[in-house]
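This briefing covers selected side-chain contacts, the nonpolar core, the chain interface and backbone geometry. The sequence and structure come first.

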2 protein chains.
Amino acid sequence: MQTPDALVRASALVTPAVDAAVRQLDPSLHAPIRHHLAGGGKYVRAGLACLGAAAAGGREVDGVPGAVAVELVHNYSLLHDDIIDGDRERRHLPTVWARFGEGVAIVAGDALAALAMQVLLETPTPARVDAARRLANANQAMIAGQAADMAFEARARVTVDECLAMERGKTGALLSAACAIGAVLGGGDAAVALALGAYGEHLGIAFQAIDDVLGVWGEPSVTGKPVGADLFARKKTLPVAVALQAGGDAARELESILSSTPTASLVARATVLMEESGARDTVTAIAERHLRAALHALDDTDLVAGPKEELVAVARYVTARDR
Amino acid sequence: MQTPDALVRASALVTPAVDAAVRQLDPSLHAPIRHHLAGGGKYVRAGLACLGAAAAGGREVDGVPGAVAVELVHNYSLLHDDIIDGDRERRHLPTVWARFGEGVAIVAGDALAALAMQVLLETPTPARVDAARRLANANQAMIAGQAADMAFEARARVTVDECLAMERGKTGALLSAACAIGAVLGGGDAAVALALGAYGEHLGIAFQAIDDVLGVWGEPSVTGKPVGADLFARKKTLPVAVALQAGGDAARELESILSSTPTASLVARATVLMEESGARDTVTAIAERHLRAALHALDDTDLVAGPKEELVAVARYVTARDR
């Protein structure tokens, strides 16, 4: 599926602004952060902030400070998550901790997080202050999601609702904030920010649900992750939560596998059990439900027609299985 | 030396507010954060924020949101620094990463950093927004100091000026922000915030210089750190920078020791070389110079007399060798 034009435009607008912000950091952090950013990324959050500004009646460029701040928060979370998950590769490059050491990756992440607030607060207009407040709250919700994700690894089972709440925080909160911050910077009122925030939150959950499905049944050459990586890490993703909640012998066997030391054959068996429980279809249906909810949210308020259409296109792109 | 009354009052005012803020975090983070906070701490930064508010003409309680935010930033930096330095104990308790794992310590630190901004921005009055902006900038300066400190470990020598700049960031920036944020929240104008900020920055450098001296020549039972810990970690503290900059055979021998694998006898020899170079007296003189500069800064503007006297008392306490 082709990258939507809105994301291409956002990348062109936001990349130089991110680079300029990073140049303000301590010189010893430039190399690790540039190494990380060179891996690319789809600029979905930046695109949502710029489109949010335009959909609210402003210009895409009005959303740029928010887009920069949201991308900085996203990337700080990637730097820290890669340490936490022990992931040595991202986008076919060594992760920052694997290449520069854990200490550098921790501090580089901290620097990006602080930089996000600096970018918004250096010129504290009411809209930027509101954006900073929303971003701090979204960051905390994202952290809570990450903390829950880690706590789940030590638990034998989690409910589907617990898993959805975790994914709402881990992925939904920042996508929601990107849209709402864009709306605020574009001059939108509270109703527009609310509707765009709801769009972003549902889109985040839909995206994460599809990511979970691809994590179990996806093609490693497409996903860039080894087969069963989530299961080896004992992640309680949505397919796991759905299969466990289905109950019966299969759920008991799955629970027992997830409490054992993971091996390739146990992971393969767990995958079969999840498939047989119908978890793949159920989670795909969850993703589709949240995609529909995201699109419905766009009809809850008056938005500028062109950017609104592009938000629909971004939603379809982000939730496509071959993205 | 007895704890100044201002710090005792600040601890009583700020501890419940910090606890209330921490209760908003994801429940899985409560235990690690409470474990860390139970270790105590002197509430110097909280005391400076409350005294700053009072010295500017407000009440100590006006400084509390700033005091809470600054303590949260201080404690997030401790959680992350303990991972980076591999320190397994703080205040005679296991550090969070040693007790709960590195991932939990990273996320708990991230949560405290985000919480600091939330505390200030939840009610975005102009003073609180200004406080948030100052805190984001101080956090970034602190991170730059930490990054420089780490980069110095890999270098054979650093100048005294480089070392002072690093310590200004690592320790001076947050003490400075604590005072200036207190001033702003207490209704002080830019001149008062500037003078109190200068007091805090010089005090931070004086404190750090004395900490460096104690790190080499202090009594482990008082400092709570093993003898020569900084030298084993190849830290380029002020005594090292001063001794290296003195030049001559002693500096060459010290440089060679600091590039070798540290052993107890090499660390003992490095300590003798630094003593003979006069570094102990030179760094003590640097600390005294910055203490005087801190006290002078208090005379640069009109401050309320009582809180001003207490700021002097806190400065003497923080820079006392038996604190």
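The side chains of A:Glu60 and A:Arg9 are joined by a polar contact of 2.5 Å (a pair of N or O atoms within 3.5 Å; within protein, one must be able to donate a hydrogen and the other to accept it, and residues adjacent in sequence count only if both atoms are side-chain atoms). This is a predicted model, in which local features need pLDDT of at least 70, side-chain atom pairs count only at pLDDT 80 or more, and totals for chains, interfaces and linings use all residues. Residues are numbered from 1 along each chain as its sequence is written, chains are lettered from A and ligands numbered from 1 in the order in which they are written, and side-chain values use heavy atoms, with hydrogens and water left out.

- A:Glu60 sits in the loop between α3 (44–55) and α4 of chain A (helices are DSSP runs of H or I, at least four residues, numbered from the N terminus).
- A:Glu60 counts as buried because its relative accessibility is 16% (buried means under 20% relative accessible area, exposed over 50%, partly exposed in between, with a 1.4 Å probe and protein chains only).
- Beyond four places in sequence, the contacts of A:Glu60 include A:Leu13, A:Cys50 and A:Glu310 (contact means heavy atoms within 4.5 Å).

**Nonpolar core**
- The largest nonpolar core has 169 residues (buried Ala, Val, Leu, Ile, Met, Phe, Trp, Tyr and Cys residues joined through side-chain atoms within 4.5 Å).
- Helix α6 (residues 102–121) of chain A gives the most to this core, 15 residues.
- A:Leu135, A:Tyr199, B:Leu135 and B:Tyr199 have the most contacts inside the core.
- Among the residues in contact with A:Tyr199, leaving aside neighbours within four places in sequence, are A:Leu48, A:Cys179 and A:Val314.

**Interface of chains A and B**
- Contacts link 36 residues of chain A with 36 residues of chain B.
- The two chains bury about 2,700 Å² between them, 73% of it on carbon and sulfur atoms (accessible area, 1.4 Å probe, that two parts lose on being put together, summed over both).
- Eight residue pairs, both residues at pLDDT 80 or more, are in polar contact between the chains.
- On the side of chain A that touches chain B, α4 (64–85), α6 and α7 (126–153) each give two or more residues.
- α7(A) gives the most to that side, with 14 residues.

**Positive phi**
- A:Arg234, a residue other than glycine, has a positive phi near 60 degrees.
- A:Arg234 is in the loop between α11 (229–232) and α12 (238–245) of chain A, and counts as partly exposed at 28% relative accessibility.
- B:Arg234 also has a positive phi, about 60 degrees.
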